[in-house]
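User: I would like to go through a structure with you. Please keep the answers plain and give the cut-offs as they come up.
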Amino acid sequence: MKKIVVVNAGPRIGWNTDTLLKEASRGITDLGYEVIRFDLFKLEKYTGCISCFGCKKNQFKAHCIKKDGLTPVLDAIREADGLIIGSPNYLSDFTASFRALYERLIFQSLTYNRQHENCNEHMIPVLLVMTSNAPDTMYVDMVNNYKRNFERFVGPTTTFISGNTLQINDYSKTDWEWTYFNVEEKKKRHEEIFPLEKEKIYQISKDLFK
């Protein structure tokens with residue numbers, strides 16, 4: 001049976017990123033595959049890359065040797081048939097939790113050798129998901145920068161961006177008036193467009209990993 005690793009790099013269960021990842025996971029289970037899910041905010045303590053260069057030794061190639069909360073995630077990805085990873089947009093980037101995993105996932109396979117820069121011998125398809133309070137068009141270039149490195153060191157990568165997302169159920173309960181955006185517009189989008197995005201990512205997931 002194929003195994004697909006699903007990684008949630010956002011903290012809010014039941015909200016945008018988590019919801020889309022669950023729909024993508026449903027596509028996997030409907031194919032009859034196993035979903036192995038990790039919620040980065042629930043793991044034991046971990047860090048990003050510490051530049052120990054242990055992964056640059058032949059006996060550890062394509063293996064991050066630091067042992068912490070990310071170790072089981074990296075081990076599972078190494079054995080998986082595919083990867084789905086999602087994160088909300090924090091200050092025009094993915095979350096720090098995403099970055100920590102990204103650094104260690106990518107760097108462990110980078111050789112610094114021009115003739116053979118990638119020592120990962122198990123390339124797998126990737127679905128990279130981002131949700132954002134801002135319009136989805138604002139961060140296409142940023143997401144594509146990540147896509148390029150995923151394709152170089154992990155495998156062929158499909159991206160999915162959901163923008164102008166609803167952040168909270170009741171904006172009237174905030175202490176300050178959030179005037180950056182139109183609340184009614186956000187609510188309308190969440191009711192009309194977000195359900196369509198759920199259907200779309202479900203189908204993308206089924207098509208990508210079948």
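User: In which hand does α3 pass α4, left-handed or right-handed?
Analyst: The crossing of α3 with α4 is left-handed. By definition a crossing is left-handed if the near helix is turned anticlockwise from the far one by less than a right angle, and right-handed if clockwise. Helices (H or I, at least four residues) and strands (E, at least two) are DSSP runs, numbered from the N terminus.

User: What kind of model is this, and how are residues numbered?
Analyst: The model is predicted: local features need pLDDT of at least 70, side-chain atom pairs count only at pLDDT 80 or more, and totals for chains, interfaces and linings use all residues. Residues are numbered from 1 along each chain as its sequence is written, and side-chain values use heavy atoms, with hydrogens and water left out.

User: Back to α3 and α4: at what angle do the axes cross?
Analyst: Helix α3 (residues 96–107) and helix α4 (residues 140–153) have axes that cross at roughly 35 degrees and come within 10 Å. Axes are lines fitted to C-alpha atoms, for helices over the stretch in contact, and angles run from 0 to 180 degrees between N-to-C directions.

User: Which residues of α3 and α4 meet there?
Analyst: From α3, Phe 98, Arg 99, Tyr 102, Leu 105 and Ile 106 meet Tyr 146, Asn 149, Phe 150 and Phe 153 of α4. Contact means heavy atoms within 4.5 Å. These residues divide into 7 nonpolar, 1 polar and 1 charged. Ala, Val, Leu, Ile, Met, Phe, Trp, Tyr, Cys and Pro count as nonpolar, Asp, Glu, Lys and Arg as charged, and the others, Gly among them, as polar.

User: And α1 with α6: how do their axes cross?
Analyst: The axes of α1 (residues 16–30) and α6 (residues 194–209) come within 8 Å and cross at roughly 40 degrees. That makes α1 oblique to α6, since angles under 35 degrees count as roughly parallel, over 145 as roughly antiparallel, 65 to 115 as roughly perpendicular and the rest as oblique. The crossing of α1 and α6 is right-handed, and the residues of this contact divide into 7 nonpolar, 4 polar and 6 charged.

User: Changing topic, what is the overall pattern along the sequence?
Analyst: The protein has 6 helices and 5 strands, in the order β-α-β-α-β-α-β-α-β-α-α.

User: Why is the protein called as compact as a globular protein of its length?
Analyst: Its radius of gyration is 18 Å, close to the 17 Å that the globule rule gives for 210 residues, so the protein is as compact as a globular protein of that length. The radius is taken over C-alpha atoms, and the rule is 2.2 Å times the number of residues to the power 0.38.

User: Is Val 35 buried, partly exposed or exposed?
Analyst: Val 35 is partly exposed, with a relative accessible area of 26%; buried means under 20%, exposed over 50%, and partly exposed in between (1.4 Å probe, protein chains only). Val 35 lies in strand β2 (residues 34–39). Leaving out residues up to four places away in sequence, Val 35 touches Ile 4, Val 6, Ser 25, Ile 28 and Thr 29.

User: What is the phi of Ser 51, and that of Ala 62?
Analyst: Ser 51 has a phi near 55 degrees, a positive value in a residue other than glycine. For Ala 62, also not a glycine, phi is positive at about 65 degrees.
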